[in-house]
Amino acid sequence: MSAPTPAPAIWHVALPVPVPRLFDYRPATGAAIAGDVGCRVRVPFGPRELVGVITGTGAPDPQAPELRSGERLDAAPLFQGELLESLRWLARYTHAPLGEVFATALPAPLRQGEALADTRAWGWRLTEAGLTALPRLRGKPRRLAELLAASERSEDALAEQLDDWRAAARALTGRGLVEREPLPDTRTPASPSAGPALNSEQQAAVDALLAARDGFAPVLLDGITGSGKTEVYLHAIADCLARGRQALVLVPEIGLTPQTLRRFRERLGVPVHALHSGLGDGERARTWAACLRGEARVIVGTRSAVFLPLPRAGLIVIDEEHDGSFKQLDGIRYHARDFALVRAKALGIPIVLGSATPSLESLRNAKAGRYAHLRLQARAGRARPPRVRVVDVRKRPLDAGMSPELFEAIAATLHDGAQALVFKNRRGYAPVLLCHDCGWSAQCTRCDAPMTVHAGGRRLQCHHCGARRPAPDACPDCGGLALQAQGAGTERIEEALTKRFPDVPVLRIDRGTTQRRDALEKLLHDFGSAPGILVGTQMLAKGHDLPNLTLVAVVGVDEGLFSADFRAPEKLAQLLIQVAGRAGRAAQPGDVLLQTHHPQHALLATLLGGGYRAFAEAELAQREAAGFPPFAHLALLRAEAKQLEATHAFLQAARAALRDAGDALELHGPLPAPMPRRAGYQRAQLLLSAPERRTLHAALDAALPAIHALPEARRVRWSLDVDPVDL
Ligand code: ADP
Ligand code: ZN
Ligand code: ZN
């Protein structure tokens, strides 16, 4: 007679700790059952308590010491089905601990063990006692009582009508004068508004998407700026809603504007949930819960929205799929576009990657037939494509980096009653402060980088570690007074333009002028459409419609032409096309001026002659010849420490471990990082390259346990980045 198999009695738990293994606990009460998988637990861990996620159940090991017990926090799993499997995939792909992947996927309140947010709408009303007491009340409580005496109000409405209403409500609740209660769901969907009639290219794209809606279907929507890609998304989303499904739209950090949200709300006629870094934790947690419950139908969000649960998923859209902000640069280094592709496949739904300048990775996938390739080659509506001209600035007198031709073009634009944009991807007053007598320049003491001059020359600031100090009056080395701000950032350009064009507004848009999320929209709104000049960094490269903008001038093209990063040409070409796309979006054609000292440069010639398509073809051929992505697969092992020797010792040891793991791997390094010292840390890296993804991951799987165990690993901070974007 065989003994009955014991019921599973313990949980395997993934915890947010940097060790790639699971931990066993037993339930404080009741039995561990399979249905617990995907629920959070609070468990003791050393002297601390941690919140983890149950990933499996099992029988206790009779040899093992008595397990500590944990408390299950959720009645139903937060992670299950597709999302659970996709996150397991992500942990394997990034070679990160599963517990840290779960923690990355959750909004802060859920990560810390709070209950799943209530997604009902709440309102407040005045009680009988409140009505009687009203005449005796003063200040905020009085104003709140008056509002509620007129009618019961939702918390959303109160937040708009009265600052600090919660404090007043709390005071009145204590005396029984007001009451909180759930509101009936009266959010009757507004009727969707019709958009413009689609042109034939748009219609063909929509038809292709609808035809593919019943399974996994990756689609590259390759359409020039203003060709109406967003209209195509809106039609596909409307179809998705009509079938009772959810749609997730990922946008770059600077693309999520109130304008975008308004357009989606008005056109779709359903509430649109926004998820971005500017939201409070509570708001993020509510959106997460609303997605899990299937209540949120359309979600527009930045990178981290890729982790939202989508139990009724119907469509994923990645707008501006080439954008660098989809890659997370620390912690779990995921790429939101790539992870979204994995999820769409597991969900069995279409995914649209839209861009005017597709990434070389996506173009290659389209060429190889892995993605459908849909093109929109005409500007929608009446808009004409801009005229692009290269301005040779060699030997020309420059003022804040701007040539006489540029000033003439701006003057002509203003004279025509239109607006001009001067684009410079460098904020601050000047990139360097230099002593003309001895050559001293202001360097950050903690980074290998010059300090940027700000505030018209009065302040120095490091853009890498944030250090600030006043600019010296005299050279610290030779005592001379010939300190000069070299080069021009947006502040200096603004100053020069204000001097030359005193009669029109000059508005600077960069991170310095738009600290708050809604600041950009307000600034542009106040700027209006009267003649004027915008000066800005890449914050201005997309988003807001600027219908009266007819001239775009790019200053500082040259900084991007000569860079060690193999992705620099791709980034520059994308930026130039995106910025140029800002000109002439409405009825007026636009002009684009590219100022350069290298008018013959191959990149500019190809881009001007054949557009982004020609550039991408040429660049793909070069990448293939050089063995760079997408023709090779990379991972980067980074290490930093106060002592340079420590980083090298670790990377040398890691190199040896990787060498043992397979010889199909190419190893480069240890080499200094692009910025060898930052915020006081020495930084070095080891680059891994393999022609096949499989080879790369097999070697990492084999070597990482040994690398984790290296004694040298304890003397550095190290991390692994699969598919790094900044080498
Ligand atoms: P993209 O996302 O490709 O930059 P949009 O969808 O934002 O393009 O469209 C650019 C502009 O053209 C918008 O103002 C939009 O309302 C308009 N538009 C789009 N499609 C059409 C169309 N078929 N007819 C007229 N106007 C259109
Ligand atoms: Zn000097
Ligand atoms: Zn610094």
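**Ground rules**

I number residues from 1 along each chain as its sequence is written, and chains are lettered from A and ligands numbered from 1 in the order in which they are written. Because the model is predicted, local features need pLDDT of at least 70, side-chain atom pairs count only at pLDDT 80 or more, and totals for chains, interfaces and linings use all residues.

I took helices (H or I, at least four residues) and strands (E, at least two) as DSSP runs, numbered from the N terminus.

I looked up the partners of β3 (residues 40-45). It pairs with β4 (residues 48-58) in the antiparallel sense over 6 bridges. I call two strands paired if DSSP finds at least two bridges between them. Pro44 has Glu49 of β4 as its bridge partner. The hairpin has 2 residues between the strands, and Gly46 there takes a positive phi near 55°.

β3 also pairs with β5 (residues 69-72), antiparallel, over 2 bridges. In that pairing Arg42 stands opposite Glu71 of β5.

**Entry: Ala91**

I found Ala91 in helix α1 (residues 81-94). Is it buried or exposed? Ala91 is buried, with 20 other C-beta atoms within 10 Å. The cut-offs: buried means 20 or more other C-beta atoms within 10 Å of a residue's own, exposed 12 or fewer, partly exposed in between, with C-beta atoms placed from the backbone.

Leaving out residues up to four places away in sequence, Ala91 touches Ala96, Pro97, Leu98 and Val101. Contact here means C-beta atoms, placed from the backbone, within 7 Å. I also checked Gly439, 348 residues apart from Ala91 along the chain; their C-alpha atoms are separated by 50 Å.

I compared length with expectation in α9 (residues 229-242). Its 14 residues should span 20 Å at 1.5 Å a residue, and its end C-alpha atoms are 20 Å apart, which agrees. The expected span is 1.5 Å times one less than the number of residues. α9 is mostly covered, with 11 of its 14 residues buried. Among them are Lys229, Glu231, His235 and Cys240. Gly244 follows α9 and has a positive phi, near 75°.

Helix α18 (residues 568-580) has 13 residues. It reaches 18 Å from first C-alpha to last, close to the 18 Å expected. The buried residues include Pro569, Glu570, Gln574 and Gln578.

**Entry: the six-stranded sheet**

What is the strand order of the open sheet of 6 strands? I read β16-β26-β25-β17-β24-β23, with parallel pairing. The edge strands are β16 and β23 (506-509), each pairing on one side only. The twist averages 20° from one strand to the next.

I then checked one pair within this order. β17 (residues 419-423) and β25 (residues 549-554) pair in the parallel sense over 5 bridges. Gln419 has Leu549 of β25 as its bridge partner.

α18 lies across β16, β17, β25 and β26 (591-596), running at about 155° to β25. Axes are lines fitted to C-alpha atoms, for helices over the stretch in contact, and angles run from 0 to 180 degrees between N-to-C directions.

**Entry: α13 on α19**

Helix α13 (residues 360-367) packs on helix α19 (residues 602-626) at an angle of about 90°, with the axes 11 Å apart. That makes α13 roughly perpendicular to α19. The classes are under 35 degrees roughly parallel, over 145 roughly antiparallel, 65 to 115 roughly perpendicular, and the rest oblique.

α13 brings Leu360, Leu363 and Arg364 to the contact; α19 brings Ala616, Glu619, Leu620 and Arg623. These residues divide into 4 nonpolar, no polar and 3 charged. I counted Ala, Val, Leu, Ile, Met, Phe, Trp, Tyr, Cys and Pro as nonpolar, Asp, Glu, Lys and Arg as charged, and the others, Gly among them, as polar.

Glu320 counts as buried, with 27 C-beta neighbours inside 10 Å.

The bond from Pro629 to Pro630 is cis, with omega near 5°. Pro630 is in the loop between α19 and β27 (633-641). The bond from Gly669 to Pro670 is cis, with omega near 5°. Pro670 lies in strand β28 (residues 666-678).

Notes: Contact = placed C-beta atoms within 7 Å.
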